[in-house]
Amino acid sequence: MLVKFNCKNANLWNITIEAMEKKIESRFSRYFDTDDVAVNVKVTEQKLGFKVELTMPYLGQQLRAEVTDKESPLAAFDKGMDVMERQMSKCKTKLKRNKRQVIEVAAAPAEYAEDDTDYEVVRTKNYEMKPMTVQDAILNMEMLGHAFYMFRDADTGSYATVYKRADGAYGLIVPK
């Protein structure tokens, strides 16, 4: 299991990266068949405590946990691992359930008028965009806790976006 750390001042917090690696391997090794799974760990100090972000792939999904703790980064790390284990269980259950049922997708919303206002981009994210079905994209969106998810449709090869509507249904945006 490959663990990537982004952790400034780790020595000041009495954290040993080796201890975190051992905890990750002992708790997550039973979920993976191979050792080439990459777990990304980011530890940051904030005004009111410590924040730990964990990201890793599981069963074709990208799982993410962001946890804060006032006492220590190690406590936040332990809470983050608990969150990841719950997400793994939820992901496994959803995959089993989705194999048996098909999710209905609502029509795309009407177009809206553009505004001449300049907008500032404050953050850019990059991710691997693998071809997948609409149901897989909805599952990825739900597992990440996002309101929308852009993907490449495995059937058509074109890009599309799924989103969660206010009524709890799902929508699909497909460019012409």
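Start with the charged pairs: this structure holds 10 salt bridges, each one a side-chain nitrogen of Lys or Arg within 4 Å of a carboxyl oxygen of Asp or Glu. What you have open is a predicted model, where local features need pLDDT of at least 70 and side-chain atom pairs count only at pLDDT 80 or more, while totals for chains, interfaces and linings use all residues. Residues are numbered from 1 along each chain as its sequence is written, and side-chain values use heavy atoms, with hydrogens and water left out.

**Stop 1**

Select glutamate 85 and arginine 27. They form a salt bridge, and their closest N and O atoms are 2.7 Å apart. Glutamate 85 sits in helix H2 and arginine 27 in helix H1, so this pair ties together parts that are 58 residues apart in sequence. (Helices are DSSP runs of H or I with at least four residues, strands are runs of E with at least two, and both are numbered from the N terminus.)

Is glutamate 85 buried or exposed? With 17% relative accessibility, glutamate 85 counts as buried. Buried means under 20% relative accessible area, exposed means over 50%, and partly exposed is in between, using a 1.4 Å probe and protein chains only.

**Stop 2: strand to helix**

Now pick aspartate 69 and lysine 79, whose side chains meet in a salt bridge at 2.6 Å, N to O. Aspartate 69 belongs to strand S4 and lysine 79 to helix H2, so here the linked parts are 10 residues apart in sequence. Aspartate 69 is buried at 11%, while lysine 79 is partly exposed at 38%.

**Stop 3: another pair, then a network**

Go to arginine 165 and aspartate 167, which form a salt bridge too (3.5 Å, N to O). Arginine 165 is partly exposed at 34%, and aspartate 167 is exposed at 56%. Next, highlight Lys51, Glu53, Arg64 and Glu66: salt bridges with shared partners join them into one network.

**Stop 4: the nonpolar cores**

A nonpolar core is a set of buried Ala, Val, Leu, Ile, Met, Phe, Trp, Tyr and Cys residues joined through side-chain atoms within 4.5 Å. Which residues touch the most other members of the largest one? Select Ile24, Phe28, Val41 and Phe77, out of 25 residues in that core. Elements giving two or more residues to this core include strand S1 (2-7), helix H1 (17-28) and helix H3 (134-144).

Finish with a second, separate core of 10 residues, which includes Val134, Met141, Phe151 and Val162.
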